[in-house]
Amino acid sequence: MTTESGREGLSLELAPAETLLINGVTIIFTERTKLLITTPSARVLHGKMVMSKEVATTPARELYLLLQNAYMQSTDEGRIVAVAQLDEVAAPQDLRVAWNDALNHISNNRWYPALKRIYRMFEKK
């Protein structure tokens, strides 16, 4: 997105108590905030897309948390190793199709669509 000042990046408006995860660092906002992230390689998740270990209580949520943690790895090599380990996780049959879709996105370095695909598995329940 291009802002009024002509700068490009990811523009976010966050409410108090909303969570933002950038490159593995959790940030919780205390007041309404607007920000612009201009680093294209920054790994960003915000709001309901950030999952904590405490709420990963179903197979789909556990898989999402593992994928989120892989996405937040600081290096490409770290993400590759994490995904390889993830692929060994025995996902229930109803998650296998979603997981295969997610892997296709990851192979094209499209992490957000991969996360969104797994997220939809528990979002509608």
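## Loops with positive phi

Asn 23 lies in the loop between strand 2 and strand 3 (25–28); strands are DSSP runs of E with at least two residues, helices are DSSP runs of H or I with at least four residues, and both are numbered from the N terminus. The phi of Asn 23 is near 50°, a positive value in a residue other than glycine. With 36% relative accessibility, Asn 23 counts as partly exposed. In this report, buried means under 20% relative accessible area, exposed means over 50%, and partly exposed is in between (1.4 Å probe, protein chains only). This is a predicted model, in which local features need pLDDT of at least 70 and side-chain atom pairs count only at pLDDT 80 or more, while totals for chains, interfaces and linings use all residues. Residues are numbered from 1 along each chain as its sequence is written, and side-chain values use heavy atoms, with hydrogens and water left out.

Ala 17 is found in the loop between strand 1 (10–14) and strand 2 (19–22). Its phi is also positive, at about 75°, although Ala 17 is not a glycine. Ala 17 is exposed, with a relative accessible area of 59%. Most residues other than glycine have a negative phi.

## The chain as a whole

The protein chain has 4 helices and 5 strands. From the N terminus on, the order of the elements is β-β-β-β-β-α-α-α-α.

Of the 125 residues in the protein chain, 36% are buried. The accessible surface comes to about 7800 Å², and 51% of that surface belongs to carbon and sulfur atoms; such areas come from the Shrake-Rupley method with a 1.4 Å probe, and for residues only the protein chains shown count as cover. A contact means heavy atoms within 4.5 Å. Among contacts between residues at least 6 apart in sequence, 47% join residues at least 24 apart.

## Helix packing

Two packed helices are described by the angle between their axes and the distance between the axes. Axes are lines fitted to C-alpha atoms, for helices over the stretch in contact, and angles run from 0 to 180 degrees between N-to-C directions. Helix 1 and helix 3 (residues 93–107) pack at an angle of about 15°, with their axes 11 Å apart. That angle makes helix 1 roughly parallel to helix 3; angles under 35 degrees count as roughly parallel, over 145 as roughly antiparallel, 65 to 115 as roughly perpendicular and the rest as oblique. On the side of helix 1, the contact is made by Pro 59, Ala 60, Leu 63 and Leu 67, and on the side of helix 3 by Leu 95, Trp 99 and Ile 106.

The axes of helix 3 and helix 4 come within 7 Å and cross at roughly 170°. Helix 3 and helix 4 are therefore roughly antiparallel to each other. Residues that make this contact include Asp 94, Val 97 and His 105 of helix 3 and Trp 111, Pro 113 and Met 121 of helix 4.

Leu 67 lies in helix 1 and, at 0% relative accessibility, counts as buried. Beyond residues up to four places away in sequence, Leu 67 touches Leu 86, Trp 99, Ile 106, Trp 111, Ala 114, Leu 115 and Ile 118. Leu 67 and Val 83 are 16 residues apart in sequence and 7.3 Å apart in space, C-alpha to C-alpha.

Gln 68 also has its place in helix 1 and is buried, with a relative accessible area of 3%. Not counting residues up to four places away in sequence, Gln 68 touches Leu 21, Leu 45, Met 49, Val 50, Met 51 and Leu 115. Arg 117, found in helix 4, is buried with a relative accessible area of 18%. With the residues up to four places away in sequence left out, Arg 117 touches Val 97, Ala 98, Asp 101 and Ala 102.

## Aromatic pairs

A search of the whole structure finds 4 aromatic pairs. Rings of Phe, Tyr and Trp (its six-membered ring) pair if their centres lie within 6.5 Å; planes under 30 degrees apart count as stacked, over 60 as edge-to-face and the rest as tilted. The rings of Tyr 64 and Tyr 119 have centres 5.8 Å apart and planes at 65°, so this pair is edge-to-face. Tyr 64 lies in helix 1 (residues 59–71) and Tyr 119 in helix 4 (residues 111–123), so the pair ties together parts that are 55 residues apart in sequence.

Tyr 64 and Phe 122 form an edge-to-face pair, with 5.7 Å from centre to centre and 80° between the planes. Both Tyr 64 and Phe 122 are buried, and Tyr 119 is buried too. Tyr 64, Tyr 119 and Phe 122 form one aromatic cluster.
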